[in-house]
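Work through the exercises below with the sequence and the structure at hand. Try each task before reading its solution.

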Amino acid sequence: MMSINQLKYCFLYICLLLSGLSYAQNTANGKIIDEKTNKEISGVEVFINDSNKAALTTTTGNFSVQSDSIIYKLKFTRKNYAFETVDISVDNANNLVIKLSQEKVSSIEEVVIHNEKTKYKSKKENPAYRIMQEVWKRKRNNGLEKFDTYTFKEYEKIQFDANNLDSAFMNRKIFNKLDFIFDYADSTASGKMALPIFLNESIYKNFGENKPNKKSKKLLVAQKTSGFQDNQVITLTAKNLYRDINIYDNTLNYFDIGFPSPVGTDGFSTYDYNLVDTIAVNGENAYKIRYQPRRTEVLAFQGYLYIDTDSYAVLGATLKSTNKINVNFINAISTELEYDNPDDETFLPKKFVTEIEMTPFAKKKSAKSIIAKRSVDYSEYDFNKPLADSIFTRKKEEYDDSFVEKDEAFWATARPDSLSKQEQGVYEMLDKLQQTPKFNRIIKLTETLASRYYNVTKGIDLGPITSIYGKNEVEGDRIRLGARTYFTQNDPWRVEFYNAYGFKDQQFKYGVEGRYMFNRVNRFMVGAGTKRDITQLGVQLTTEDGILSRSFASSTVFARGENASLSSVNQTSVFTSIEPWKNFQIRVDGTMQSIKSANPDGFNLMYYQNGNLRKTTNDSHVTFSLIARPGAKFSQTGVDRYEHGTLAPTIVLKYTRGIEGLFNADFNYNKLQFMFYKPILLGSWGKTLFSFEAGKNFDAVPLALQNIIPGNQSYGLVPNTFAQLNYYEFVADTYSTMHIEHHFNGKILSFIPLIKKLKLREVAFIRGAYGSLSDNSKNINVDNLKYSAPDQQIYYEYGFGIENIGFGNIRIFRVDFNWRGNYLDRQDVSKFGIKAGFQFGF
């Protein structure tokens with residue numbers, strides 16, 4: 001018979017055994033390898049038992065999972081691999097070896113599978129076409145639209161890597177004292193080195209309401225940047241490269257250039273489709289369809305579509321540019337998309353990864369380049385939960401610089417996946433670089449070239465450097481030196497000034513302006529300034545407000561004919577503005593100015609007032625402006641903001657009231673103006689820039705205050721001007737103008753042998769203006785017979801241009817050929833002209 005002590009030890013042994021067995025069946029671990037290569041696989045989703053939610057997404061080849069209940073089954077899924085299911089017992093729960101096999105071929109009833117591209121007599125014979133017809137028939141919408149309210153989390157990671165580095169490059173003198181950075185480089189598949197140079201992580205919380213009122217908010221919760229927080233160029237470039245895309249749209253927006261979507265309803269006009277396989281995608285059977293452009297010279301993608309065999313929903317897609325992509329500074333683009341499909345009508349984004357290879361040099365694969373990779377994970381979707389109105393209200397703390405500062409503990413739990421060793425090294429490397437004088441000099445040079453300002457000391461920038469030299473008829477050679485305050489990209493105040501000197505008129509000019517923002521939320525701002533300068537009036541209808549708005553006097557270095565129509569302007573202004581709603585600005589300007597001809601012998605601004613001849617127009621007016629930019633996106637929250645590239649329209653409505661007698665002003669008058677501008681993507685046919693302006697002076701005013709249809713006597717490209725009009729050729733009390741410019745992105749020239757190798761792009765445009773000028777407004781001016789409006793018929797110009805001229809990836813030159821359509825019997829008109837200039841963009 002057992003003793004009491006023996007019973008105790010036996011009981012303890014049994015308890016330990018049972019607890020061990022229980023622990024073994026509540027945990028499981030092992031490694032995951034490729035069945036053929038035996039190499040470890042990462043990025044595998046592990047599902048416990050029959051759960052539809054992955055318990056783990058692996059970052060290495062090893063995995064370890066734990067559950068509150070007994071684990072009896074594990075399922076492993078990864079893109080391009082067949083899913084694997086393993087039964088778990090006490091004996092095999094530890095040190096599992098999971099072998100995943102590459103995509104398995106399955107039979108599809110009534111569909112023939114081809115691994116190679118097959119030619120069909122008609123697209124109706126193509127099984128892929130029958131599948132795509134079902135996709136189009138059941139075209140899905142973003143699931144966020146169907147719920148009354150929604151919230152979700154968005155994690156964004158942007159990384160820049162210097163690519164194709166070799167030993168010769170790393171031994172260059174520029175890297176003396178910086179060679180430690182190559183300790184953080186990593187080998188690529190090509191055997192070259194890739195060096196991480198920038199890493200930005202952002203976490204957003206998205207809120208939306210569809211009923212009863214449609215509104216949304218994207219709140220930046222946290223942001224971490226690798227040492228470049230104050231570098232406006234790098235941060236803006238990183239954010240500006242990417243657009244949100246919907247694979248179901250007919251046109252996908254990359255760099256504000258339209259690429260036809262392979263899932264678009266007109267996809268068969270651009271792509272060939274071939275059904276190659278059926279595979280398992282996240283446990284679902286899917287058709288794998290390969291697509292490629294019919295013509296490699298067009299802007300289009302190649303890759304694979306993964307279509308659910310039951311619901312015909314897009315489970316995933318890969319988009320990769322062709323080798324002949326015709327986009328400036330870009331060698332390659334690739335995107336991977338994953339979607340969840342909660343029902344038969346909608347989809348939800350799951351994960352988007354876009355990689356862009358950029359280089360200013362050549363299209364060669366071996367060229368030194370920058371790899372810009374952006375990954376976005378969408379998670380924590382929640383629907384139809386009540387949302388308080390206060391959530392959508394902009395709050396002061398959201399605009400504070402410290403609002404997004406979080407510690408490492410926050411990031412460790414907030415990331416959907418941990419950073420790789422290489423990514424962790426970016427933060428460490430750039431912290432060291434910030435302490436290296438040579439690196440800071442390189443960054444300063446880059447910043448100067450991009451911003452046009454040179455930083456001389458803390459808080460003071462000189463520039464803009466592009467305005468240092470100019471030339472015109474009145475001043476001859478002109479030198480301009482300016483400066484501004486600049487402490488950080490989020491400065492709430494800024495002071496700018498300049499001095500200029502003309503060597504012909506031997507006169508000094510100046511301008512100074514200060515602005516202060518009281519509130520970052522509604523951007524309540526005040527400002528004041530004054531200037532005395534020589535200005536080319538009549539080159540804008542809806543003029544920019546502000547003392548230091550660009551003067552066109554110094555930009556006409558080369559011009560057709562003589563331009564003596566310059567004005568001498570003394571101006572003092574004050575303004576206040578506020579944004580009561582996002583992207584909607586209300587602005588009030590008060591201006592006192594005196595205007596006279598800067599060259600009385602060649603340009604007459606004299607007028608009659610009460611029978612007296614006057615040469616100086618004294619004016620005091622108040623302007624009330626409404627400015628809307630729906631959909632525009634901005635970086636920074638200071639007095640100056642940097643706009644992201646979007647297709648947002650610009651809508652401006654302005655009312656100006658001239659007040660006679662105020663500061664010796666000569667005229668009472670009322671002026672109303674409207675302006676609308678919008679870029680429009682037209683699928684594979686390119687992009688149209690549309691601009692419309694209209695306005696009316698309700699009272700007679702002299703030429704200095706009149707609406708001038710903008711001419712352009714320079715040989716350069718000036719937007720929203722008429723290339724074949726002389727300055728002051730058309731003057732109007734009432735006017736309307738329209739500019740339509742279409743960029744074909746090389747679609748037509750790509751059909752022409754030999755020419756298509758030059759990668760040139762074609763532009764077509766037409767411009768028109770119509771207006772009237774009252775007799776009272778004509779008679780008030782001394783040269784009354786000289787001025788008229790385009791009231792007999794619509795004045796128009798037309799022409800075409802060739803852009804993307806250059807070499808390698810540097811194609812920034814454009815040439816336009818302009819024809820004047822009518823009013824050809826006028827004196828000194830130019831019927832045909834050529835304009836040229838630099839045009840920076842993708």
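Strand 25 (residues 476-486) and strand 26 pair in the antiparallel sense over seven bridges. The model is predicted, with local features needing pLDDT of at least 70, side-chain atom pairs counting only at pLDDT 80 or more, and totals for chains, interfaces and linings using all residues. Residues are numbered from 1 along each chain as its sequence is written, and side-chain values use heavy atoms, with hydrogens and water left out.

**Exercise 1.** Describe how strand 26 is joined to strand 27.

Solution. Strands are DSSP runs of E, at least two residues, numbered from the N terminus. Two strands pair if DSSP finds at least two bridges between them. Step one: strand 26 and strand 27 (residues 507-519) run antiparallel and are joined by ten bridges. Step two: G502 stands opposite Q507 in strand 27. Step three: the two strands form a hairpin with four residues between them, and Q506 in the turn has a positive phi of about 55°.

**Exercise 2.** Decide whether I48 is buried or exposed.

Solution. Step one: buried means under 20% relative accessible area, exposed over 50%, partly exposed in between (1.4 Å probe, protein chains only). Step two: I48 has 10% relative accessibility, so I48 counts as buried.

**Exercise 3.** Find what I48 touches beyond residues up to four places away in sequence.

Solution. Step one: contact means heavy atoms within 4.5 Å. Step two: I48, in strand 2 (residues 45-48), touches A55, V65, Q66, S67, I71, K73 and L74. Step three: I48 and Q66 are 18 residues apart in sequence and 8.9 Å apart in space, C-alpha to C-alpha.
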